[in-house]
Amino acid sequence: MNGQSTSAPVLRIEDLGMYYGTRSGDVKAVDGVSFAVGRGESVGLVGESGCGKSSIAMTLLKLLPENGRIVGGRIVLDGTDLAPLSEDQMRTHRWNRIAMVFQAAMNSFNPVYTVGDQIIEALETHIETSPDVSMERVRELFELVSLDPGFIGRYPHEYSGGMKQRAGIAMALACEPDLLIADEPTTALDVIVQDRILKELRDVQQALNMSLIYISHDMAVIAEVSHTVGVMYAGRIVEWGDTVDIFQNPMHPYTQTLMSAFPSVTGPKHELAMLGGEPPNLLNPPTGCRFHPRCPYATDVCKTEEPPTVEGSDTHWAACWHPLEA
Amino acid sequence: MAVVDTGVTEVGTRPLIKVEGLEKRFPVASHWFRRSHSSVHAVDGISFELARGESFGLVGESGCGKTTTGRLLVRLAEPTGGHVLFDDGEGAATDITTLRGEELKTFRRKAQMIFQDPYESLNPRRTIFDTVAEPLKVQDACPPLERLDRVSRMLEMVGLSPPATYLFRYPHELSGGQRQRVAIARALIIEPIFVVADEPTSMLDVSIRTGVMNLMESLAERLGISYLYITHDLAVARYMCSRIAVMYLGKIVEMGDTEAVLQQPKHPYTQALLSAVPIPDPTATRAPVRISGGVATPLDPPPRCRFYSRCPIADDFCRDNPHPALEVKDGGQRVACYKA
Ligand SMILES: Nc1ncnc2c1ncn2[C@@H]1O[C@H](COP(=O)(O)OP(=O)(O)OP(=O)(O)O)[C@@H](O)[C@H]1O
Ligand SMILES: Nc1ncnc2c1ncn2[C@@H]1O[C@H](COP(=O)(O)OP(=O)(O)OP(=O)(O)O)[C@@H](O)[C@H]1O
Ligand code: SF4
Ligand code: SF4
Ligand SMILES: [Mg+2]
Ligand SMILES: [Mg+2]
């Protein structure tokens, strides 16, 4: 997907760190992450299960659990650094400026109120509106995410997994945010409904010039929604670039493994590749390049020294001692 | 009740599970609705069989009744109609919809469910060890002193390694994909013979997903486990399942060998589904999906073909006749469509 605007970024993250304190030490889930998201741009965030994708998302919204703490860095949203803001100050940004579709669909809703009432409440808290207008807006939102408006007055437990997920998307879009973070928003959707929702999301994005951070393990969906892709490994961004570059000329060996074997529905049925070795332990990440214990190209320097950032082009970089040739 | 043809795979072997005319309706009563006797037809008279050691895929639109079907098959919900016959070779086949007490407990040891949403299904106040060990404890399936060892091995098998770093954490300290693997470990640890796997790998990256799929397959071979494998990922269904059923609004609309259904889909819904599979190439363009938008509603559907309002080839005959029955078409699969 192409054609994003190149104006000043809506969001700039600088050297962000967020650790979870545990009895065995700090889990370094976000460890020195920097990137920027332009207005109207879609960034796809990918990486192995447990590498810190949701942690970045929750840090941006400052919805951290008790044991999670920001250890450094800045989160600059339209010129304001969110990192030092108090919970009260944060509330004025959440939902109407920066909204989120949670990986945990249930986090969007309280089980004791109907889904419709909760979306209406969000609307009435953040934008001035009358009950009739709110109700009309909820209907619109339901149709946008292909939900039967007959379910507006129903409780979350009466929704199927995918219906809940769609209601979460409706909720996040309700206040027309500047930046939407969608964390695995379509894992419970069939490909037809997913296709329709991704289209609607693109339309909303264009109409509002909304920026999007889309977290997914589904590389096919990433290929469809994102202008730019960030690849995460063990709490860090290891490669960043234009979507076409990332798919066609990956520079980082980890990205290459991500791109190597897509199971296919109609093509030949090939053996599925697996990344060997243990997933990294974020309590005590490997020294040097964090990917070195599993990297086929690792040399001695990779084991001890942090890899440099190498640029493949103006819009494409990777952190690696021996980046792959295009 | 009429005899239903459920499409046996192998002649002569008795199926592990035989589903006959299964139905589940949820009554609807709320101030939003003036209609008083509305109901959601979540599962609307479906029949199929599952052989021993077989993986049977269930795919279909979000909200079409897959999870409800799975819950009925492991008796986490009671049907409003139909039967589920379970025959593990030990004694006569039993209708699990009527099991009580000790019989139900024995059945629960044999049948497990991996729940779709690992954020809702794991008890937040239990450690990972307690969660995964729970079925062993409830079923008294393993001496207490060996539990730690067995749980550790299971965690390792689902890629939560080293297990020591996970055993005494709580669910909220895990990522989505890590929770999903805890849910898998819990269901498989007592070596059941039937598992309903509801989107078990939807939050896993390709590499870890492949590992989990291999594990499930090797357990199926070693222990003869049968899976009802619910998924939206048709590629996963292709790798895991020998046969597959496609559901739409509570009905099975196409069912047969996975390769036949995926390579030569006959029902217009299945065809649309396959055309919507995204392509992992940012430069590729895909033909637009041909079925009309419309929101499928399971609230009191009219008696005609459930797909009528969105079907690109529907005609007056479809409008004026009841929902079509599943019939064998060339290619071998069963299809519920007057025009396929
Ligand atoms: N509250 C917590 N306390 C301690 N560790 C945590 C906590 N929450 C998450 N973690 C750990 O932090 C790491 C990053 O978790 P995160 O949820 O960000 O992963 P993710 O990339 O979103 O993975 P997935 O794709 O599986 O959802 C994981 O290894 C996880 O076990
Ligand atoms: N407890 C309930 N009360 C009322 N309606 C319900 C209940 N559980 C499910 N339903 C309805 O039954 C239908 C089928 O739901 P089910 O969860 O089986 O769908 P599904 O095929 O698993 O969908 P998904 O792929 O989105 O998870 C839906 O319309 C849902 O709203
Ligand atoms: S820095 Fe070395 S170990 Fe790390 S990815 Fe590059 S080649 Fe592999
Ligand atoms: S029976 Fe008619 S409406 Fe139903 S799927 Fe076939 S052609 Fe379409
Ligand atoms: Mg996550
Ligand atoms: Mg479901």
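Student: How far does a backbone N or O atom of K53(A) lie from an oxygen atom of ligand 1?

Tutor: A polar contact is a pair of N or O atoms within 3.5 Å; within protein, one must be able to donate a hydrogen and the other to accept it, and residues adjacent in sequence count only if both atoms are side-chain atoms. Here the K53(A) backbone atom lies 2.8 Å from the ligand oxygen. This is a predicted model: local features need pLDDT of at least 70, side-chain atom pairs count only at pLDDT 80 or more, and totals for chains, interfaces and linings use all residues. Residues are numbered from 1 along each chain as its sequence is written, chains are lettered from A and ligands numbered from 1 in the order written, and side-chain values use heavy atoms, without hydrogens and water.

Student: Which side chain of chain B has an N or O atom 2.9 Å from an oxygen atom of ligand 1?

Tutor: That of R169(B). Ligand 1 lies between chains A and B.

Student: How many residues surround ligand 1?

Tutor: A residue counts as near if one of its heavy atoms lies within 4 Å. For ligand 1 there are 23, and S49(A) and Q178(B) are among the closest.

Student: How do the residues of that shell divide?

Tutor: Ala, Val, Leu, Ile, Met, Phe, Trp, Tyr, Cys and Pro count as nonpolar, Asp, Glu, Lys and Arg as charged, and the others, Gly among them, as polar. The shell around ligand 1 has seven nonpolar, 13 polar and three charged residues.
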